[in-house]
Amino acid sequence: MHRSLMVFLLALTSTCTLAWSSASRADAFTPAASLHQARFGHTATLLPSGKVLVVGGATANDILGTAELYNPLTNSWATTGSLAHVRTYHTATLLPSGKVLVVGGVDGPNPLASAELYDPATGVWTSAGSLVTPRAHHSANLLQSGNVMVAFGTSGANGATKLRSTEQYNPATNSWIVSPSAPHERAYHAAILQSNGWLLTFGGIDVSAVPLNDGVVFIPANNGFAGPVGQLATARFAFTSNLLASAKILAVGGLGASSTALATAESYDIAGNHWTSAGTMATTRWSHTATELGNGKVLVVAGVDAGDAALASAEFYDPGVNAWTAAPNLATARAQHTATLLTSGKVLIVGGQGAAPGYAELAACELFSVDPIYKNGFD
């Protein structure tokens, strides 16, 4: 009898262990604490402390100047100092000092010239001067010099003017200097700082709102632009871009000719100066996010499809095999959200706009966790 009981208990333990192991081997989205203020079109910045700073954005009725801090250790949000100027479609750049530089954006129909500096030690915003040219839908990159280069974007009433001008913020002097202008205008583009210090800018739209497939590089040593460089196979704007661990650059989705939503992806070989196909997603999407995970794979989340519907779906890109695989769905369909890779390896999905017909701003947040055993993103 004792032997039978032991066998039964061993079998039960084995079954429970197997069930637990199987449950733990699942990539998944789980609920995270909700924002105090629902928002879309905001920025999210991972601070050296491991907290995430969410700034500005909009609701259906208002542009926001509020900011919040997410603490991964307690899964909670806390309000922090508010901006001096409400803004959305701005940029936020983490400086070597640990402070965050927020630049431009819009407070309604018109782009802003103002910039502000957030100090995590005090939770206070201070002025970071003003741009020479107000702009939104621009790019902002921290150069190896420590300066922040703000480039291109839109200006004028309702963003009608596309820009080719650039400016640099010097943290040491808290001031702006005019940088050389690029050969032509662009907005809704991507800009990636390469390991050699060159800044590659590609895609976007031109002065006539025509999608672009070319790119240019800013070479700090020459204080000027060179190009055009390797051309995308598909002209696109409002897409995502990532500098991968392989040193290749990944461009995903977005909008193409006639504002058609795209499912294609492309990979840029910096050394070879050329783009090649990176496969095709199962779903067309733009206004999505793309995050490189600790395992080298890229998690693409939500966005808007060809029918202008907000998506709850997600997909993995594996650069090792140049292929896409389905990821788990989010609990809430969304677009114009943010995705931040936490120090834990989890991805924090914040806010955005929800599904039709209301496209309401969201306070709901979610956490994506990679399989803790295999960490391969393909369970």
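What follows is a chat about a few residues and aromatic rings in a predicted model.

Reader: Let's start with Thr-154; where does it lie?
Author: In this predicted model, Thr-154 lies in strand β12, which covers residues 154-155.

Reader: And is Thr-154 buried or exposed?
Author: Thr-154 counts as buried, because its relative accessible area is 2%, and the cut-off for buried is under 20%.

Reader: Which residues does Thr-154 touch, leaving out those up to four places away in sequence?
Author: Its contacts include Pro-111, Pro-134, Arg-135, Ala-136 and His-137, and also Leu-163, Ala-187 and Tyr-188.

Reader: Switching to aromatics, how many aromatic pairs are there in the whole structure?
Author: A search of the whole structure gives 12 aromatic pairs. One of them joins Tyr-188 and Phe-237 in an edge-to-face arrangement, with 6.4 Å from centre to centre and 65 degrees between the planes.

Reader: Where do Tyr-188 and Phe-237 sit in the chain?
Author: The pair links distant parts of the chain, 49 residues apart: Tyr-188 is in the loop between β15 (175-179) and β16 (190-193), while Phe-237 is in the loop between β19 (224-229) and β20 (240-243).

Reader: What about accessibility for Tyr-188 and Phe-237?
Author: Tyr-188 is partly exposed, because its relative accessibility is 32%, whereas Phe-237 is buried, with a relative accessible area of 11%.

Reader: Which residues form an aromatic cluster?
Author: Phe-202, Phe-239, Tyr-268 and Trp-275 form one aromatic cluster.

Reader: Last one: what sits over the ring of Phe-152?
Author: The charged end of Arg-186 sits over that ring of Phe-152, at 5.7 Å from the ring's centre.

Terms used:
Residues numbered from 1 in each chain as written. Predicted model: local features only at pLDDT ≥ 70, side-chain atom pairs only at ≥ 80, totals over all residues. Heavy atoms only, no water. Helix = DSSP H or I, 4+ residues; strand = E, 2+ residues; numbered from the N terminus. Buried < 20%, exposed > 50% of the residue type's maximum accessible area, 1.4 Å probe, protein only. Contact = heavy atoms within 4.5 Å. Phe/Tyr/Trp six-rings, centres within 6.5 Å; stacked < 30°, edge-to-face > 60°. Lys NZ or Arg CZ within 6 Å of the ring centre and 35° of its normal.
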